[in-house]
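I opened the notebook to look up two things here.

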There are 2 protein chains.
Amino acid sequence: MADPDPVPPTVLIVGGGFGGLRAARALAGAPVQVVLVDRQNHHLFQPLLYQVASATLSPADIAAPIRHILRDQANADVVLGEVASVDLDARRAVLVDGRGLSYDFLILAAGSRSSYFGRDAWAGLAPGLKTLEDALEIRRRFLLTFERAEQEEDPDLRREWLTFVIVGGGPTGVELAGTLKEMARLTLPQEFRRIRTDRARVILVEAGPGILANFGSGLSEKALQGLERIGVEVRLGQPITAIEEHAVQLGGERIPTRTVVWAAGVSAVPLGATLGVPVDRIGRVLVEPDLSLPGHPEVFVVGDLAAFTHGPGGALPGVAPVAIQQGICAAGNLLATLASRPRQAFRYRDKGSMATLGRGRAVAHIGRLSFTGYPAWLAWLFIHLMLLVDFRSRVFVFFEWLWAYLTTQPRARLILGKKTRDI
Amino acid sequence: MADPDPVPPTVLIVGGGFGGLRAARALAGAPVQVVLVDRQNHHLFQPLLYQVASATLSPADIAAPIRHILRDQANADVVLGEVASVDLDARRAVLVDGRGLSYDFLILAAGSRSSYFGRDAWAGLAPGLKTLEDALEIRRRFLLTFERAEQEEDPDLRREWLTFVIVGGGPTGVELAGTLKEMARLTLPQEFRRIRTDRARVILVEAGPGILANFGSGLSEKALQGLERIGVEVRLGQPITAIEEHAVQLGGERIPTRTVVWAAGVSAVPLGATLGVPVDRIGRVLVEPDLSLPGHPEVFVVGDLAAFTHGPGGALPGVAPVAIQQGICAAGNLLATLASRPRQAFRYRDKGSMATLGRGRAVAHIGRLSFTGYPAWLAWLFIHLMLLVDFRSRVFVFFEWLWAYLTTQPRARLILGKKTRDI
């Protein structure tokens, strides 16, 4: 008589973003039981989140239920819940509601969140852009601001309402500034009777010497020109020193505004710091070359929560391709251990970076090639459509983009949520 | 020398639903200044709201900014705000934020809201379905309920989580019950590992002797059979006597459930009662045959806020065609007065009623013709697509429906809003 089937080891994955989801899929068919826990029911395609904020796309276009994505993977189980802490010795994660989840292997892929560098009071005044709720809140503020400007009699206050400040010149800040300015220039002018929406000021503030610093100085300069051509004001080398209810301070200047968005920085989620292992300045867990936790070969950390410092040039950027490649690598090393094969050290293959600057304009570098303008924009469209996790999103996002491009009238300009009177 | 242009009279329209919006459009090109005020920035196609609740459509599919719809109407101005009261003698409406809007003519089209017949404590336990926020809240509750059932070990509690009660057998209740049962039967089973979502109980409770009472007894009976065939339990002649946190009471029976939706009744918004004129039992303003307010020929009331009792068969139902025809009639009577022509009495032309019972099934009567099954469903699809106010919604809703029909996987199954831990 054969032995009864052994119980397969449990792989607990914390986080259903790019890193966690790719790790789960890389374990399909393997002799393990995967349990993926996330505090949201959906995987979110974060690179397009700014288009929900700027009312081009709906949440359902860039997010899909994790259960749906993994429905055909028989060895995967999805749990809706938030992990509060991990007991590394007991090999057990505890959720905020008290439930415990035991594991044989653990892959931590819980990501990052907006960070205000200790200025926590800024969070309420300048929302960040990390979740669908954030995007809907920013959309709500953008659209309500034009409504308030339309109703304002005082020209100074009207100018204040029509001034938007976006803090942070990385891809999120650049793309949001470009698309907001285009909405003000192309979409809204016909709808308002008293204000000139095309005169709305969109100010992008970057503390460093250039925007899109990681793209190299050539593209950084091109991006600056591209934004300025459509009317975005870019302030370089000037950190924000204060965010108040009706203004921001930068350098010696006070800019009256009612709408500030924070795209200036992230830190790892607090879960990393609860592990009792070394973390870096922004809370990322320092990992071994094989992505495991020092002293805990059964635990892997990937994506924004990991500080991988073994490559050239210091820690890796917090972008989707790093998370995806690390998720796949961690799953591979886990399977190698099960099969008594040696683990591989992680090596990041940088395939390039790209960012849009509004309608028909983008900057991109792919390997050693740099593109700008229309070709870069078409490449951006194509690559982002292909990267969307499921086919249905590709179809619908394609049509939304086609519609928005042809008509300049993106569809999702709805003010939802809190009562109108609450602003 | 010619006289300077006279200042055109101001027509204030309160409400951008079917009645108010159609009135505004009927005044396009007329020598009046239209001011349309609504507390939301969007016109909502309410007949499809249940499809947002059941995760087939996104808010942007069935709503469009009122400014966008009226952008080419030069004599129309849109104000985002909520009217608190109207001073009929001073011809002035006051918004909740204190601003005043003067008028020469007033068209009140502020609609209705869910009514719990004095049981206000039920509102928090059993949300109604009148706004996009309501629909997103119901969607959130539906989807979270399946998550909680999946995590529940106790079989009795699991059954409690998997029991849904929908109160009210009108079109909203019927359509929501059908589509929820189909989601549980067709969309979700593959995604959950522990629960049988297809065994979820969906109970439709109607206090009267039949569902879809306005459709006539033949179709009412057909609708009942259609719902029962897909597994909806319909309880007729049994009013809900209590809604508790974990159960509803009806007749002598206690049904344990965590999810109750209220589709049993509406009343006019409170604005009607503030006018100091006669209103009916559910707060609707009694209007003259020409839709004007008794003693105030410059004020019209249309749609759900109006009680029009001059036709055969008592007050008209609170449906979109009544509001549309009344909005157009009120605008016409207003223009007649400006042109010193006599006003027309309103006459409702009932073009029929229809409701879906899930995938490929509906009941409809158009004039004296009754349809059921697939032909009725196709007629429902076609007519509702054509009624969507703008072309872009038609295109996108068509593709969403096609997708959902072909795959049984509607796209918008996202849990958004409050933190997961809050339920």
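Which helices each supply at least two residues of the nonpolar patch? I looked, keeping in mind that this is a predicted model. I found helix H12 (391–407) of chain A and helix H12 (391–407) of chain B.

Next I listed the residues of the patch. Chain A gives Phe398(A), Phe399(A), Leu402(A) and Leu406(A). Chain B gives Phe398(B), Phe399(B), Leu402(B) and Leu406(B). Together they have about 750 Å² of accessible area on the surface.

I picked out one member, Phe398(A). I found Phe398(A) in helix H12 of chain A. Its relative accessible area is 39%. I noted Phe398(A) as partly exposed, because 39% lies between the 20% limit for buried and the 50% limit for exposed.

Then I turned to the sheet. I noted an open sheet of 3 strands in chain B, in the order S23-S24-S25. The pairing is antiparallel. I marked S23 (353–356) and S25 (369–372) of chain B as the edge strands, since each pairs on one side only. On average, neighbouring strands of this sheet are turned by 10° against each other, direction ignored.

I checked how S23(B) is joined to S24 (residues 362–366) of chain B. I found 4 bridges between these antiparallel strands. In one spot I saw Ser353(B) opposite His365(B) of S24(B).

What packs on the sheet? I found helix H9 (residues 217–229) of chain B there, touching S24 and S25 of chain B. The direction of H9 makes about 165° with that of S24(B).

How values were computed:
Residues are numbered from 1 along each chain as its sequence is written. Chains are lettered from A and ligands numbered from 1 in the order in which they are written. This is a predicted model: local features need pLDDT of at least 70, side-chain atom pairs count only at pLDDT 80 or more; totals for chains, interfaces and linings use all residues. Side-chain values use heavy atoms; hydrogens and water are left out. Two strands pair if DSSP finds at least two bridges between them. Axes are lines fitted to C-alpha atoms, for helices over the stretch in contact, and angles run from 0 to 180 degrees between N-to-C directions. Contact means heavy atoms within 4.5 Å. Patches are made of residues with over 30% relative accessible area and no salt bridge: like charges are joined within 9 Å, nonpolar side chains (Val, Leu, Ile, Met, Phe, Trp, Tyr) within 5 Å. Accessible areas come from the Shrake-Rupley method with a 1.4 Å probe; for residues, only the protein chains shown count as cover. A salt bridge is a side-chain nitrogen of Lys or Arg within 4 Å of a carboxyl oxygen of Asp or Glu. Buried means under 20% relative accessible area, exposed over 50%, partly exposed in between (1.4 Å probe, protein chains only).
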